[in-house]
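Good morning, and thank you for making the time. I would like to walk you through one protein chain, starting with its overall layout and then going to its inside and its surface.

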Amino acid sequence: MSMIERVYEKAKKDPKRIVFPEGDEKRTLLAAEKLNKAGICRPILVGNAEKIQAAAAAAGADIAGISILDPETGGRGALGREGGGGGE
């Protein structure tokens, strides 16, 4: 097992929350999706919830179960729920 594989396995045992600013950028969305699906961390996307949802759809990113924190509304997204309607 390589060093990277050992790091991934350790992260999966106790996934931490990681906050991603610029949550409506394609590269951020794709990275958050990949990490979430792998169980490496519990991503939180920061930004306007509607823009994040639209950007995710345009990028083909599945953000179901990923939290969205919208600083303008002071809460979890303008929709009042997690990214794709699931999650914590």
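Helices here are DSSP runs of H or I with at least four residues, strands are DSSP runs of E with at least two, and both are numbered from the N terminus. Please keep in mind that this is a predicted model, in which local features need pLDDT of at least 70 and side-chain atom pairs count only at pLDDT 80 or more, while totals for chains, interfaces and linings use all residues. Residues are numbered from 1 along each chain as its sequence is written, and side-chain values use heavy atoms, with hydrogens and water left out.

The protein chain has three helices and three strands, and along the sequence they follow the pattern α-β-α-β-α-β. If we take contact to mean heavy atoms within 4.5 Å, then among contacts with a separation of 6 or more, 50% are between residues 24 or more positions apart.

Let me turn to the inside. I call a residue buried under 20% relative accessible area, exposed over 50%, and partly exposed in between, using a 1.4 Å probe and protein chains only; by that rule, buried residues make up 30% of the 88 residues. A nonpolar core is a set of buried Ala, Val, Leu, Ile, Met, Phe, Trp, Tyr and Cys residues joined through side-chain atoms within 4.5 Å, and the largest one here has twelve residues, among them Phe20, Leu29, Leu45, Ile52, Ile63 and Ile68. Helix H2 (26-38) and helix H3 (49-59) each supply at least two residues of this core, and H3 gives the most, with four. In soluble globular proteins, nonpolar side chains tend to be buried together.

Which residues does Ile52 touch, leaving aside its neighbours within four places in sequence? Ile52 is in contact with Gly23, Asp24, Leu29, Leu45, Val46, Gly47, Ile63 and Ile68.

Now for some individual residues away from that core. Met3 lies in helix H1, which covers residues 3-13, and Met3 is exposed, with a relative accessible area of 58%. Glu22 sits in the loop between strand S1 (16-20) and H2, where it has a positive phi of about 55° although it is not a glycine, and at 43% relative accessibility Glu22 counts as partly exposed. Lys34, finally, is found in helix H2 and is exposed, with a relative accessible area of 65%; the C-alpha atoms of Lys34 and Asp62 are separated by 9.1 Å, although these residues are 28 apart along the chain.
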